[in-house]
Structures are given as structure tokens and as C-alpha cells.
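Here is my note on the model, as numbered points. Please have the coordinates open while you read.

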Amino acid sequence: MRNLNGIDLLKFIMSIIIVGVHSCVFEMLANDYFGVLINNISNVCVSTFFVISSFFFFRKVRSLTTTKEKNRQLLMFEKRTLFLYLFWIVVQLPYMV
């Protein structure tokens, strides 16, 4: 399996942009044009994360041989995603309330 350093760097940069948008750092520092630009870039970042995650997931699933292994991998992926989603909802709940 190849080492994909470019994708890791892209994910790192996108994660900084997304955290900055969600913590309103760019909103405090920017005028209207810059804020709109960063907001649009962050929307692309979220979609790109989805595509990259799907790429790695299906690359892994395609290497498996049996349907049972593929279903188990899908179930593990869904459990992990649900856990992360619920974890961050609980963490952000005091802030949202």
C-alpha cells in the first residue's frame, strides 16, 4: 500500500479551516468578503473529507474476499461514525444550550 502524504496534508489543512470556521475565529478577524470566502472553502472541505473517507473505506472493503468480512467492516465503520457523532454532540451540548 502506498503512502499518501499529500492526502494527509490536505486533511490537516482542511481540519484547521473547519475548526476555525466553527469556532468563529475567521468571523472575528474578517470583513464580509473574507468571511464568505472562508465559509465557501469550509463547505468544500467538508465534502472533501467525505470523499476521502469513502475512498479509503471502499479501498479497504474491496481488498476483502468474503461478504461476511465486508459486512463486518461496514458495521464497524458505522459504529465508529455513530460513536464519534454522539461524542461530539455530547461535548457541544453545553455550548449549544
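The points below go from the overall fold to single residues.

1. Basis. This is a predicted model, where local features need pLDDT of at least 70, side-chain atom pairs count only at pLDDT 80 or more, and totals for chains, interfaces and linings use all residues. Residues are numbered from 1 along each chain as its sequence is written, and side-chain values use heavy atoms, with hydrogens and water left out.

2. Secondary structure. The chain has four helices and zero strands. Both are DSSP runs, numbered from the N terminus: helices are H or I with at least four residues, strands are E with at least two. The order from the N terminus is α-α-α-α.

3. Overall shape. The chain is more spread out than a compact globule, because its radius of gyration is 17 Å, well over the 13 Å that the globule rule gives for 97 residues. The radius is taken over C-alpha atoms, and the rule is 2.2 Å times the number of residues to the power 0.38. The C-alpha trace spans about 55 × 35 × 15 Å along its principal axes.

4. Burial and surface. Of the 97 residues, 12% count as buried. Buried means under 20% relative accessible area, exposed means over 50%, and partly exposed lies in between (1.4 Å probe, protein chains only). The accessible surface of the chain is about 8300 Å², with 69% of it belonging to carbon and sulfur atoms. These areas come from the Shrake-Rupley method with a 1.4 Å probe; for residues, only the protein chains shown count as cover.

5. Contacts. Take the contacts in the chain with a separation of 6 or more: 61% of them join residues 24 or more positions apart. A contact means heavy atoms within 4.5 Å.

6. Charges. The chain has 10 positive and 5 negative charges, and their mean positions are 18 Å apart. Lys and Arg count as positive, Asp and Glu as negative; His and the chain ends are not counted. Each charge is placed at NZ of Lys, CZ of Arg, CG of Asp or CD of Glu.

7. Aromatic pairs. There are five in the structure. Rings of Phe, Tyr and Trp (its six-membered ring) pair if their centres lie within 6.5 Å; planes under 30 degrees apart count as stacked, over 60 as edge-to-face, the rest as tilted. One of the pairs is Phe55 with Phe56, edge-to-face at 5.2 Å centre to centre and 65° between the planes. Phe55 is partly exposed at 41% relative accessibility. Phe56 is partly exposed too, at 29%.

8. A second pair. Phe57 and Phe58 are also edge-to-face, with 5.1 Å between centres and 75° between planes. Phe57 is buried at 11% relative accessible area, whereas Phe58 is exposed at 53%. Ring pairs link Phe57, Phe58 and Phe77 into a cluster.

9. Helix α4. Which residues does Gln73 touch, not counting those up to four places away in sequence? They are Phe57, Lys60, Val61 and Leu64. Gln73 lies in helix α4 and is buried at 9% relative accessibility. Tyr85 is found in helix α4 (residues 67-96) but is exposed, at 54%. Its C-alpha atom is 27 Å from that of Ser63, 22 residues apart along the chain.

10. Helix α2. Val25 belongs to helix α2 (residues 25-29). Val25 is partly exposed, with a relative accessible area of 34%.
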